Amino acid sequence: MPVFKNHRISKAARKLRSSLDSGVLANITAGKRARQQVASKNREIAELRRELARARGKKPSPEPAPVGTPVFFIVGHQKSGTTWLMKMLDAHPEILCQGEGRPFGKNFRQERKKGQRGGYPPVSLYAAISGSEDLRSWIERSVWTKRDRADEHLDNLTRLAIEYFLTQKLLKTDKRLVGDKTVLLGPNMVKEIGAVFPDAKVIHIIRD
């Protein structure tokens, strides 16, 4: 009797696991839409935790920023007012926006002058990741990814890297939103942001 019971439990467990696996696969194939839903739920959970801490009279304890932390980008041509807006937003008690990290610009590259230190990086983060021949070669040949589109993985890695660097800075503050002032380095910058970070907010300043 115990053997039969264990067999039934094992069979039920396999059925449940199969159902869960199907759900996971469905979410993966949903792509960007699934990531948006997960990001939204993560934000809700983080906000509920903060509210609970406040209700208990405690200061919310710092914790690893969840995937899906609200992120925004200020874009515009030089001298269009992006720095002014960046400083104004950063003055808000819940918003962190302190500089120009150049996360986007897939085709942006410039030569660094000999002996030059500091200043802006010679490539954007997107260009550094998507332009890495070693990384692309690994994706195209790895048993985990060789049947997939390499560009899609590179886009996802870019998103994760941008989110990592921004949220690591955010964790050192008491703020909850983080953004980057992103100069328009090419005509497809806004499309890039939409493709790599579909749930991010974009503030586009056009100088009149």
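Modeller: Helices here are DSSP runs of at least four residues, and strands are runs of at least two, numbered from the N terminus. The model is predicted. With those runs, the elements go α-α-β-α-β-α-α-α-β-α-β from the N terminus on.

Colleague: How many helices and strands are there in the protein?

Modeller: There are seven helices and four strands.

Colleague: Where is Phe72, and why is Phe72 called buried or exposed?

Modeller: Phe72 sits in strand E1, residues 71-76. Its relative accessibility is 9%. Buried means under 20%, so Phe72 counts as buried.

Colleague: What is Phe72 in contact with, beyond its neighbours within four places in sequence?

Modeller: Its partners include Leu89, Ile95, Leu96, Cys97 and Val178. Gly179, Asp180, Lys201 and Ile203 are also among them. Contact here means heavy atoms within 4.5 Å. The C-alpha atoms of Phe72 and Ala200 are separated by 5.3 Å, although the two residues are 128 apart along the chain.

Colleague: Across the protein, what share of contacts between residues at least 6 apart in sequence joins residues at least 24 apart?

Modeller: That share is 65%.

Colleague: What makes the pair of Glu100 and Arg102 side chains a polar contact?

Modeller: The two side chains come to 2.8 Å. A polar contact needs a pair of N or O atoms within 3.5 Å, one able to donate a hydrogen and the other to accept it. The pair therefore counts as a polar contact.

Colleague: Why does Asn156 count as partly exposed?

Modeller: Asn156 is at 22% relative accessibility. Buried is under 20% and exposed is over 50%. The value lies in between, so Asn156 counts as partly exposed. Asn156 is in helix H6. Its C-alpha is 9.5 Å from that of Ala195, which is 39 residues away in sequence.

Colleague: And Val143: why buried or exposed?

Modeller: Val143 reaches 61%. Exposed means over 50%, so Val143 counts as exposed. Val143 lies in the loop between helix H5 (133-141) and helix H6 (150-170).

Colleague: Which residues make the nonpolar surface patch with Val143?

Modeller: Trp138 and Trp144 make the patch with Val143, and its area is about 450 Å². Nonpolar side chains are joined within 5 Å, and each residue needs over 30% relative accessible area.

Colleague: What about the protein as a whole: how much of the protein counts as buried?

Modeller: Of its 208 residues, 29% count as buried. The protein exposes about 14,700 Å², and carbon and sulfur atoms supply 56% of that area.

Note on methods: Residues numbered from 1 in each chain as written. Predicted model: local features only at pLDDT ≥ 70, side-chain atom pairs only at ≥ 80, totals over all residues. Heavy atoms only, no water. Patch = residues over 30% accessible without salt bridge, like charges linked within 9 Å, V, L, I, M, F, W, Y side chains within 5 Å. Areas by Shrake-Rupley, 256 points an atom, 1.4 Å probe, with all protein chains shown as cover. Salt bridge = Lys/Arg side-chain N within 4 Å of Asp/Glu carboxyl O. Buried < 20%, exposed > 50% of the residue type's maximum accessible area, 1.4 Å probe, protein only.
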